[in-house]
Amino acid sequence: MASGRTHALITATLAMPTAATVGLLLSQGDVKLALIAGMGGLSGLLLHPDQDLDHLDFYEHRIIKWSWGLLAFWVGWWIPYGRLIPHRHWLSHTPFIGTIGRVMYLVVYLVIHYLVLTEGLHIRIEIQIELISIIYWVIGLSIADIGHWLADGMP
Ligand SMILES: [Zn+2]
């Protein structure tokens, strides 16, 4: 069982090899998709399996402090996730299953923000994201989660 600091170090360290590997594997050497996969890996710093903890960890306190409170809603959004899923449960820590579960939980977060901005505040927002970009982002995040899972001793 690794500490939060160790998990963060592993996640950040895996991002560059993830981008490089994806870039090498793509037949056209698509740099954009390789960078998106790397960013997916880095997003594992905010979207990691240990969000199944039912309390704020050291890094979440730091996130709130460093963002002057702007990311407090983000941290708070994960409290129900942590209360619903026991720590190191297969729903949060199993590669791909945990990743997809957190991505779906994130989608709800984004939809709520979108609806508040567009319907509540009447701010016009147009979002165009290619499905292939989302797929490569999830691949990068999945690799970060595999690193987390291995460091935790494959619970
Ligand atoms: Zn863990």
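Helix 3 gives the most, with 6 residues. By class, the lining divides into 12 nonpolar, 10 polar and 5 charged residues.

A word on what is on screen. This is a predicted model, in which local features need pLDDT of at least 70 and side-chain atom pairs count only at pLDDT 80 or more, while totals for chains, interfaces and linings use all residues. Residues are numbered from 1 along each chain as its sequence is written, and side-chain values use heavy atoms, with hydrogens and water left out.

Some terms for the pocket stops. On a 1 Å grid over the protein atoms alone, a pocket is an open set of points with protein on both sides within 12 Å along at least five of seven lines; a cavity is a set where a 1.4 Å probe fits but cannot get out; lining residues have an atom within 4 Å of a point. Grid points are joined across faces, edges and corners, and a volume is the space filled by probe spheres set on the points. Ala, Val, Leu, Ile, Met, Phe, Trp, Tyr, Cys and Pro count as nonpolar, Asp, Glu, Lys and Arg as charged, and the others, Gly among them, as polar.

## The second pocket

Next, select Val 103, Leu 106, Val 107, Leu 110, Val 111, Tyr 114, Ile 127, Ile 129, Ile 134 and Trp 137. These residues line the second largest pocket, which holds about 350 Å³ of space. Helix 7 and helix 8 each supply at least two of its lining residues. The largest share, 6 residues, comes from helix 7. By class, the lining has 10 nonpolar, no polar and no charged residues.

## The whole chain

Zoom out and switch to a cartoon view. The chain has 8 helices and 0 strands. Helices (H or I, at least four residues) and strands (E, at least two) are DSSP runs, numbered from the N terminus. The radius of gyration is 16 Å, close to the 15 Å that the globule rule gives for 155 residues, so the chain is as compact as a globular protein of that length. That radius is taken over C-alpha atoms, and the rule is 2.2 Å times the number of residues to the power 0.38. Along the principal axes, the C-alpha atoms fill a box of roughly 45 × 40 × 30 Å. Of the 155 residues, 38% count as buried. Buried means under 20% relative accessible area, exposed over 50%, and partly exposed in between (1.4 Å probe, protein chains only).

## The zinc ion

Now select the zinc ion. Asp 50 (OD), His 93 (NE2), His 148 (NE2) and Asp 152 (OD) coordinate the ion at 1.9 to 2.2 Å. Donors are N, O and S atoms within 2.8 Å of the metal (3.2 Å for Na, K and Ca); water is not among the atoms, so sites may look incomplete. In sequence, the donor residues are spaced D-x42-H-x54-H-x3-D. His 93 lies in helix 6 (residues 90–93) and Asp 152 in the segment after helix 8 (131–151), so this pair ties together parts that are 59 residues apart in sequence. His 93 is buried, with a relative accessible area of 1%. Asp 152 is buried too, at 5%.

## The cavity and Asp 57

Select Asp 50 again: this residue is one of those that line the largest cavity. Others include Leu 56, Asp 57, Trp 78 and Ile 79. About 50 Å³ of space lies in this cavity. Its lining has 5 nonpolar, 2 polar and 3 charged residues.

Stay on Asp 57. The residue sits in the loop between helix 2 (31–42) and helix 3 (58–66). At 16% relative accessibility, Asp 57 counts as buried.

## Two loop residues

Move to Phe 96, in the loop between helix 6 and helix 7 (97–120). Phe 96 has a positive phi of about 70° although it is not a glycine. Its relative accessibility is 49%, so Phe 96 counts as partly exposed.

The last stop is His 122, in the loop between helix 7 and helix 8. His 122 has a positive phi of about 55° and is not a glycine. The residue is exposed, with a relative accessible area of 65%.
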